[in-house]
Amino acid sequence: MSLILACPHCQTKNKLAVERLSEQPQCGACHQSLLSGAPISATNENLSLILKHSPWPVVIDFWAPWCGPCQTFGPTFAATAAAMAGQLLFVKVDTEAQPALGQQYRVRSIPTLLVIEKGAELERMSGALSAGQFKAWLQQFL
């Protein structure tokens, strides 16, 4: 099975065999790392594959473009994703573009953070966090 990942450097869409998630795959166009720490944009098509095959726990940020706290938390999520690359896999779900995913994961408010490992939800938190709070919360999953 494969999934489509947009390169965080050049935005080229890359087809990636899910078994290769742990192999530091590179973009076919710019040859930069596809998993360099930038969060992956999840869709209905790729989220289940990511969750099933990720070698690391997956941290999901359910957000929306119109949400002020989501916009405030976005840079914190991205910076933490870069700092913890190779320990956790960070994914963003735009609930406006992917409403079925918000419904599937019973997201009632945004931002909502979920940590999922091997298909099981480990923990959930709603609301924007400071960088320190977010990193401290994530330590339990390492």
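Reader: In which sense do strand β3 (residues 40–41) and β5 pair, and over how many bridges?

Author: This is a predicted model, in which local features need pLDDT of at least 70 and side-chain atom pairs count only at pLDDT 80 or more, while totals for chains, interfaces and linings use all residues. Residues are numbered from 1 along each chain as its sequence is written, and side-chain values use heavy atoms, with hydrogens and water left out.

β3 and β5 pair in the parallel sense over 2 bridges; pairing requires that DSSP finds at least two bridges between the strands. Strands here are DSSP runs of E, at least two residues, and helices are runs of H or I, at least four, both numbered from the N terminus. The bridge partner of I40 in β5 is V91. β4 (residues 58–63) also runs parallel to β5, joined to it by 6 bridges, and V59 has F90 as its bridge partner there. From β4 the chain crosses through helix α2 (residues 68–83) to β5 in a right-handed β-α-β crossover (clockwise from the first strand over the helix to the second, with the strands pointing away from the viewer).

In β5 (residues 89–94), 6 of 6 residues are buried, meaning under 20% relative accessible area with a 1.4 Å probe, protein chains only. L89, V91 and V93 lie on one side, and F90, K92 and D94 on the other.

V91 touches residues including I40, L47, I60 and F77, not counting those up to four places away in sequence; contact means heavy atoms within 4.5 Å. V91 and V93 are among the residues with the most contacts inside the largest nonpolar core, which has 24 residues. Such a core is a set of buried Ala, Val, Leu, Ile, Met, Phe, Trp, Tyr and Cys residues joined through side-chain atoms within 4.5 Å.

Key:
Buried means under 20% relative accessible area, exposed over 50%, partly exposed in between (1.4 Å probe, protein chains only).
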